[in-house]
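User: Hi! I'm new to reading helix packing and ligand contacts. Could you walk me through it?

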Amino acid sequence: MYSEFKLAPSILSADFSNLQGALQICDQGGADWIHVDVMDNQFVPNLTIGPPVVKSLRKSTKKFIDVHMMVINPENLVEPFARAGADNITFHIEASDNPEEVIDLIRSTGKMVGISLKPSTPFIEIMPYLDKIDLVLVMSVEPGFGGQGYIKDSTKRIAEIKKYLKDNCLERVQIQVDGGIKLHNAKEVILAGGDILVAGSEVFGSKNPQKVIKDFYASAKSINAS
Ligand code: DX5
Ligand code: ZN
């Protein structure tokens, strides 16, 4: 049941002067996805990575590159990130007046499509688009910074979304959870319905990040076995 679990380490918490090292850590730990947090200092009060960095990452890894756009006017960045080599492109529902257009644009590039929700945004806002997307990214902190604490209500929200997807034959839509994910709460989040967990500070803040990645998978596996 949980065999599809994936970990997406967020390089936001990695050493930006050594991203190749971060990719090696992800390889050695066996992480499935590389999560790239794109911030524009407008949608969120922080400024991070653009398409040229993704292009360099693409040259250095065969892993799945997961771009989380925390930007206004997401339609402007879809093609640049697709060309740079992203495999999934997620945008925020709060950042777009025309989500359908952004979805179609991402789809036209052949990439996977994700929509993200801030903690206070009702799930109902993305319901009309669920049959057109591949994943829902549930933010379990306010977007903008790594290292924040997991918002406890997120677990209930994930379970409700999972139930809705199941009841509406939308189980192919995966739930990704991002923010405050640690080894100590991973099981709770997976049991609620999280398919893909993003972890930044827990992985890259550790002295042994490869082991942390492995421990996340072991945690998911232990649910599977029980
Ligand atoms: C926050 C980002 C997250 C962040 C998670 O806006 O979307 O991906 O890197 O970091 P941690 O795991 O430290 O909460
Ligand atoms: Zn993120």
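Predicted model: local features only at pLDDT ≥ 70, side-chain atom pairs only at ≥ 80, totals over all residues.

**Helices and a ligand**

Analyst: Let's start with one pair: H1 and H2 pass each other in a right-handed crossing. Residues are numbered from 1 along each chain as its sequence is written, chains are lettered from A and ligands numbered from 1 in the order in which they are written, and side-chain values use heavy atoms, with hydrogens and water left out.

User: How do I describe two packed helices?

Analyst: Two packed helices are described by the angle between their axes and the distance between the axes. Helices are DSSP runs (H or I, at least four residues), numbered from the N terminus. Axes are lines fitted to C-alpha atoms over the stretch in contact, with angles from 0 to 180 degrees between N-to-C directions. Here, the axes of H1 (residues 19-29) and H2 cross at roughly 50° and come within 10 Å.

User: Are H1 and H2 parallel or oblique to each other?

Analyst: They are oblique, therefore. The cut-offs: under 35 degrees is roughly parallel, over 145 roughly antiparallel, 65 to 115 roughly perpendicular, and the rest oblique.

User: Which residues make the contact of H1 and H2?

Analyst: Contact means heavy atoms within 4.5 Å. H1 brings Leu19, Gln20 and Leu23, while H2 brings Val53, Leu57 and Ser60. By class, that's 4 nonpolar, 2 polar and no charged. Nonpolar covers Ala, Val, Leu, Ile, Met, Phe, Trp, Tyr, Cys and Pro; charged covers Asp, Glu, Lys and Arg; the others, Gly among them, are polar.

User: What is the angle between H2 and H3?

Analyst: H2 (residues 51-60) and H3 (residues 75-84) pack at about 20°, with axes 8 Å apart. That angle is why H2 counts as roughly parallel to H3. Pro51, Val54, Lys55 and Arg58 of H2 touch Leu77, Pro80, Phe81 and Ala84 of H3. Those residues split into 6 nonpolar, no polar and 2 charged.

User: And what surrounds ligand 1?

Analyst: A residue is near a molecule if one of its heavy atoms lies within 4 Å of it. For ligand 1 there are 20 such residues, and the closest are Asp37, Gly147, Asp178, Gly200 and Ser201. Next, look for polar contacts, which are pairs of N or O atoms within 3.5 Å; within protein, one must be able to donate a hydrogen and the other to accept it, and residues adjacent in sequence count only if both atoms are side-chain atoms. A polar side-chain atom of Ser201 sits 2.5 Å from an oxygen atom of ligand 1, and a backbone N or O atom of Gly144 is 2.8 Å from an oxygen atom of ligand 1.

Definitions and conventions:
Helix = DSSP H or I, 4+ residues; strand = E, 2+ residues; numbered from the N terminus. Left-handed = near helix turned anticlockwise from the far one by under 90°.
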